[in-house]
Amino acid sequence: MQTNKKKSSEIIYWTLLFILAFSMIVYGLAKPIQFQDFGTSTSSQVSEGHQVMWTFYSYTKGYPIVIGLFEVIGGFALFFRRTRLFGLLLLSILLLNIILQDYFYDISAIKSAIFYQLIALVLLAYDYRKIQIIVRALFTPTQKKPKWLYLAIAFVLAIALKYIETKI
């Protein structure tokens with residue numbers, strides 16, 4: 001039998017999950033429409049940074065669609081146990097990028113992005129053990145140490161290929 005604390009914790013978890021999932025799906029679906037018009041970027045009611053960012057996003061239809069698609073994928077991933085952690089990590093990366101853009105371009109929507117990022121972090125905290133395993137795996141050194149000769153050859157090849165790249 002669950003204690004009241006566990007019941008409350010589960011209700012909070014699912015409430016936050018629904019808020020984040022539905023919000024990201026709606027934002028993702030609205031992205032192509034939101035940034036479709038250059039005209040709104042020249043409004044005198046928004047900051048200069050806002051105008052620059054709006055113009056950047058509305059320059060092409062493709063970029064907002066791709067960003068929106070990732071938001072929708074992340075939102076839907078939250079609904080399934082197998083993909084929930086993936087969705088949270090994907091949305092955290094997207095939200096961190098949005099927060100940085102909003103901060104540096106003086107966008108007023110930064111509060112919403114921070115709110116959603118905090119929700120994602122709280123939900124990630126529920127999967128603390130899985131996160132711990134992932135971080136440990138990411139920073140565990142490989143078994144074999146590379147041979148210095150191979151590293152030297154690879155370094156010279158990398159410089160040569162980089163030089164060729166600059167000439168193409």
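Below are my entries, grouped by topic.

**Entry 1: what I am looking at**
I remind myself that this is a predicted model. Side-chain atom pairs count only at pLDDT 80 or more.

**Entry 2: helix 3**
I began with helix 3, which covers residues 62–77 and has 16 residues. From first C-alpha to last I get a reach of 22 Å, close to the 22 Å expected at 1.5 Å a residue. Which of its residues are buried? I noted Pro-64, Ile-67, Gly-68, Glu-71, Val-72, Gly-74, Gly-75 and Ala-77. I then looked up what the buried residues of helix 3 pack against, and found helix 1 (4–34), helix 2 (48–58) and helix 4 (84–104). A reminder to myself on spacing: an α-helix has 3.6 residues a turn, so residues three or four places apart point the same way.

**Entry 3: the nonpolar patch**
Next I went over the surface. Val-52, Leu-96, Leu-100, Tyr-103, Phe-104 and Tyr-105 form a nonpolar patch there. Together they have about 650 Å² of accessible area. Which helix gives the most to the patch? Helix 4 does, with four residues. I checked Leu-96, which lies in helix 4.

**Entry 4: aromatic rings**
I describe a pair of aromatic rings by the distance of the centres and the angle of the planes. How many aromatic pairs are there? The count comes to eleven. I looked at Phe-18 with Phe-79: the ring centres are 6.3 Å apart and the planes sit at 40 degrees, so I wrote this pair down as tilted. The pair links distant parts of the chain, with Phe-18 in helix 1 and Phe-79 in the loop between helix 3 and helix 4, 61 residues apart. Phe-18 has 37% relative accessibility and counts as partly exposed. Phe-79 also counts as partly exposed, at 24%.

Then I turned to Tyr-103 and Phe-104. Their ring centres are 5.0 Å apart and their planes are at 80 degrees, so the pair is edge-to-face. Tyr-103 is exposed at 58% relative accessible area, and Phe-104 is exposed at 60%. Both residues belong to the nonpolar patch from my last entry.

I also found one aromatic cluster, formed by Tyr-13, Trp-14, Phe-18, Phe-22, Phe-76, Phe-79 and Tyr-126. The tilted pair, Phe-18 and Phe-79, is part of this cluster.

Is Gln-101 buried or exposed? Gln-101, in helix 4, counts as buried because its relative accessibility is 15%, under the 20% cut-off. Leaving aside neighbours within four places in sequence, I find Gln-101 in contact with Met-53, Tyr-57, Asp-106 and Ile-107.

Most residues other than glycine have a negative phi. Asp-106 has a positive phi of about 55 degrees although it is not a glycine. I logged Asp-106 as exposed, at 54% relative accessibility.

**Entry 5: Arg-129**
Last stop was Arg-129 in helix 6 (residues 128–138). Arg-129 is exposed, with a relative accessible area of 60%. How far is Arg-129 from Leu-91? They are 38 residues apart in sequence and 19 Å apart in space, C-alpha to C-alpha.

Notes. Residues numbered from 1 in each chain as written. Predicted model: local features only at pLDDT ≥ 70, side-chain atom pairs only at ≥ 80, totals over all residues. Heavy atoms only, no water. Helix = DSSP H or I, 4+ residues; strand = E, 2+ residues; numbered from the N terminus. Expected span 1.5 Å × (residues − 1). Buried < 20%, exposed > 50% of the residue type's maximum accessible area, 1.4 Å probe, protein only. Contact = heavy atoms within 4.5 Å. Patch = residues over 30% accessible without salt bridge, like charges linked within 9 Å, V, L, I, M, F, W, Y side chains within 5 Å. Areas by Shrake-Rupley, 256 points an atom, 1.4 Å probe, with all protein chains shown as cover. Salt bridge = Lys/Arg side-chain N within 4 Å of Asp/Glu carboxyl O. Phe/Tyr/Trp six-rings, centres within 6.5 Å; stacked < 30°, edge-to-face > 60°.
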